[in-house]
Amino acid sequence: MPKLAGVNHTDAIRAFERLGFRIKRQSKHVIMSDGVRVLVIPRAKPINAITMGVIIRDAGLAVDEFKKLL
C-alpha cells in the first residue's frame, strides 16, 4: 500500500461526500454510507496513514484516486 500522509477527518469526509457517501451518524467516529458500503472515520487530526489506507480500500478506491479528491 503506498504511503499516505495523515489526513484531517474533515477533509476525508468532504472527499467521500464527493463520491456520494452521506453522513449517517456522528459521535467519536463519523459513520458514512453510500447505500452499499459503510465507512467509519475517526475524528482525528490527522488520521493515521495506515487507518486512512484501510478506509480508502473499504470505499473501493485506490490511494491515488483518493488523493485526487482531496
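Me: What makes S1 and S2 count as paired strands?

Reply: In this predicted model, 4 bridges join S1 to S2, and the two run antiparallel. Pairing asks for at least two bridges between the strands, so S1 and S2 are paired. S1 and S2 form a hairpin, with 2 residues between them.

Me: How do you know that S2 and S3 are paired?

Reply: The test of at least two bridges applies here as well. S2 and S3 are joined by 5 bridges, so they meet it; they run antiparallel. Val30 stands opposite Ile41 in S3, and Met32 stands opposite Leu39 in S3. S2 and S3 also make a hairpin, with 4 residues between the strands, and there Gly35 takes a positive phi near 100°.

Me: What is the order of the strands in the sheet?

Reply: The order is S1-S2-S3, in an open sheet of 3 strands with antiparallel pairing.

Me: Why do S1 and S3 stand at the edges?

Reply: Strand S1 (22–26) and S3 each have a single partner strand, so one side of each has no neighbour in the sheet. Neighbouring strands of this sheet are turned by 30° against each other on average, direction ignored. H1 lies across S1, S2 and S3, and runs at about 160° to S3.

Me: Why is Val36 called exposed?

Reply: Val36 has a relative accessible area of 73%. The word exposed applies over 50%, so Val36 qualifies. Its place is in the loop between S2 and S3. Between the C-alpha atoms of Val36 and Ile23, which are 13 residues apart along the chain, the separation is 13 Å.

Me: And why is Arg37 called partly exposed?

Reply: Arg37 is also found in the loop between S2 and S3. Its relative accessible area is 37%. Buried means under 20% and exposed over 50%, so Arg37 falls in between and is partly exposed.

Me: What does Arg37 touch?

Reply: Not counting residues up to four places away in sequence, Arg37 touches Phe21, Met32, Asp58, Ala59 and Gly60. A polar atom of its side chain lies 3.1 Å from the backbone oxygen of Ala59. The C-alpha atoms of Arg37 and Gly60 are separated by 8.8 Å, although these residues are 23 residues apart along the chain.

Me: How many aromatic pairs does the structure hold, and what makes Phe16 and Phe21 one of them?

Reply: The structure holds 2 aromatic pairs. The centres of Phe16 and Phe21 lie 5.8 Å apart, and their planes stand at 75°. Rings pair if their centres lie within 6.5 Å, and planes over 60 degrees apart count as edge-to-face, so Phe16 and Phe21 form an edge-to-face pair.

Me: Why is the pair of Phe16 and Phe66 called tilted?

Reply: The ring centres of Phe16 and Phe66 are 5.2 Å apart, with 35° between the planes. Stacked needs under 30 degrees and edge-to-face over 60, so this pair is tilted. The pair links distant parts of the chain: Phe16 is in helix H1 (residues 9–18) and Phe66 in helix H3 (residues 63–69), 50 residues apart. Ring pairs link Phe16, Phe21 and Phe66 into a cluster.

Me: How do you know whether Phe16 and Phe21 are buried or exposed?

Reply: Buried means under 20% relative accessible area. Phe16 is at 0%, so it counts as buried. Phe21 is at 2%, so it counts as buried. Phe66 is buried as well.

Me: Which residues have the most contacts inside the largest nonpolar core?

Reply: They are Ala12, Phe16, Met32, Ile41, Met52 and Phe66, in a core of 19 residues. H1, strand S2 (29–33), strand S3 (38–42), helix H2 (49–58) and H3 each give two or more residues to this core. The largest share, 4 residues, comes from H1. Among the residues that Phe16 touches are Met32, Leu39, Ile41, Met52 and Ile55.

Me: Is His9 buried or exposed?

Reply: His9 has a relative accessible area of 8%. The limit for buried is under 20%, so His9 is buried. His9 lies in helix H1, and its side chain makes a polar contact of 3.3 Å with the side chain of Asn8. Residues touched by His9 include Ile41, Pro42 and Arg43.

Conventions. Residues numbered from 1 in each chain as written. Predicted model: local features only at pLDDT ≥ 70, side-chain atom pairs only at ≥ 80, totals over all residues. Heavy atoms only, no water. Phe/Tyr/Trp six-rings, centres within 6.5 Å; stacked < 30°, edge-to-face > 60°. Buried < 20%, exposed > 50% of the residue type's maximum accessible area, 1.4 Å probe, protein only. Core = buried A, V, L, I, M, F, W, Y, C linked by side-chain atoms within 4.5 Å. Contact = heavy atoms within 4.5 Å. Polar contact = N/O pair within 3.5 Å; in protein donor to acceptor, adjacent residues only side chain to side chain. Axes fitted to C-alpha atoms, helices over the stretch in contact; angles between N-to-C directions.
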